[in-house]
Amino acid sequence: MLVQALGGLTGRCPVRILIAEDDPTTLLMLERAAKDWQYEVVSVRDGNAAWDVLRSADSPPLALLDWMMPALSGIELCRKVRQESEAPFIYLVLLTGKVTTRDIVQGMESGADDYLRKPFDRQELKVRLRAGQRIVELHETLRIQATRDTLTGLWNRRMILDILGRECARAAREGTSVGVIMADLDHFKQANDSLGHLGGDAVLVEASRRMNSVLRPYDAMGRYGGEEFLIVLPGCDQAGTEAAAQRMRQVVQEAEIATPAGVIPITVSLGAVAGEGTTIDAEALIRTADLALYRAKRAGRNRVEMANSSSPGPSLNLGDAQLEIAASSPSPCPV
Ligand SMILES: [Mg+2]
């Protein structure tokens, strides 16, 4: 997913641009120019249609907006994008016949990043879009750095906790459930010692890739700590959560992992819980899953332990039998 996110930066994916212009001749010229420069063009003829595109989470990151358009003007669109859009960042260029300083100030104050005079000059348009593209790419790089784990490309700790909090709130609101899994690679320190840090890194990358590969597209997996992962499964009950955890366990152990320093068998232990009801609490779920993980380790590793979500109180102690634990896999421990 990191590779996918970086696609636009490495030039492999064409950059998308929205062109909103009500004059057919100007629109045609803009479209032709943008296509000549390898942009993927989305074009609309009025302000409402432009807003429908800009408000969506997958809006093009670049937009060229005519100032005077039916329904919503370019200025109004700029304001709405800055105040209401869910898209990460959109670079907005206003296209206008208005050229007084006052007009330009008004345009930039509404949230535009740049403006271009009509009739437009092709070369000027080209370099201004380039400048916009650089800003968009910078935003994207910063966004990835702030949300992703650099080594594995998974969500980082802060993001996966955000996602868990959001999913818990949603499950409570909608009366659904959310599955939480804590996964920890078995004997990872030994692997690190025998393979060196590069080898250890390769193990982390491959094991997390395998675990992620058996999840649904809307599940979220993050690196919680060194070799520990937190997985959030929206809508999953106990049975669904356990099944997912078992798939993850299975896919990690089914083949040895090749690293630059040699081949090594790896297994993973998982503790899991499903929260439901109106009082789902993210912290309690993590604590409960962590406790189940601890039990999986103690019971021999390479196994899944389910915790009953009905008693995730704050007074849990490691090792006591407050929770209903169901051992749910055989426990060979090859490492
Ligand atoms: Mg117009």
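This note reviews a predicted model of one protein chain, point by point.

1. Confidence. The chain has a mean pLDDT of 88, and 88% of its residues reach 70 or more. Over residues 1-11 the pLDDT stays under 50, and the model has 14 contacts beyond four places in sequence for them. Over residues 311-335 the pLDDT likewise stays under 50, with 46 such contacts in the model.

2. Overall make-up. The chain contains 10 helices and 13 strands. Of its 335 residues, 38% count as buried.

3. The largest nonpolar core. In soluble globular proteins, nonpolar side chains tend to be buried together. Here the largest nonpolar core has 53 residues, and the members that touch the most others are Ile-181, Val-232, Leu-270, Ala-272 and Ala-289. Helix 10, residues 282-298, gives the most to this core, with eight residues. Apart from this core lies another, of 33 residues, which includes Ala-20, Tyr-39, Leu-54 and Leu-129.

4. The surroundings of Val-232. Leaving aside residues up to four places away in sequence, Val-232 touches Ile-160, Ile-163, Leu-164, Glu-167, Val-178, Val-180, Asp-219 and Ala-220.

5. Helix 2 and the residue after it. Helix 2 covers residues 24-36 and has 13 residues; at 1.5 Å a residue it should span 18 Å, and its end C-alpha atoms are 18 Å apart, so the two values agree. Just after this helix, Gln-38 takes a positive phi of about 70 degrees.

6. Backbone features in loops. Most residues other than glycine have a negative phi, and most peptide bonds are trans.

   - Ala-71 has a phi near 75 degrees, a positive value in a residue other than glycine. Ala-71 sits in the loop between strand 3 (62-66) and helix 4 (74-84). Ala-71 counts as partly exposed because it has 14 C-beta neighbours inside 10 Å, whereas a buried residue needs 20 or more.
   - His-187, which is not a glycine, has a positive phi of about 50 degrees. Its place is the loop between strand 6 (177-185) and helix 8 (188-213). With 18 other C-beta atoms within 10 Å, His-187 is partly exposed.
   - The peptide bond from Lys-118 to Pro-119 is cis, with omega near -5 degrees. Pro-119 belongs to the loop between strand 5 (114-117) and helix 6 (122-147).

7. Residues brought together across the sequence. Which residue lies 35 residues from Glu-305 along the chain, with their C-alpha atoms separated by 6.4 Å? The residue is Leu-270, which is also among the core members that touch the most others. Glu-305 itself lies in strand 12, residues 304-307. Glu-305 counts as buried because 28 C-beta neighbours lie inside 10 Å, and the cut-off is 20 or more.

8. A second pair. Thr-267 and Asn-302 are also 35 residues apart along the chain, and their C-alpha atoms are separated by 5.4 Å. Thr-267 is found in the loop between strand 10 (262-264) and strand 11 (268-276). Is Thr-267 buried or partly exposed? Thr-267 is partly exposed, since 19 other C-beta atoms lie within 10 Å, and a buried residue needs 20 or more.

Definitions and conventions
Residues are numbered from 1 along each chain as its sequence is written. This is a predicted model: local features need pLDDT of at least 70, side-chain atom pairs count only at pLDDT 80 or more; totals for chains, interfaces and linings use all residues. A nonpolar core is a set of buried Ala, Val, Leu, Ile, Met, Phe, Trp, Tyr and Cys residues joined through C-beta atoms within 7 Å. A residue is buried if 20 or more other C-beta atoms lie within 10 Å of its own, exposed if 12 or fewer, and partly exposed in between; C-beta atoms are placed from the backbone. Helices (H or I, at least four residues) and strands (E, at least two) are DSSP runs, numbered from the N terminus. Two residues are in contact if their C-beta atoms, placed from the backbone, lie within 7 Å. pLDDT is the predictor's confidence in each residue, from 0 to 100. The expected span of a helix is 1.5 Å times one less than its number of residues.
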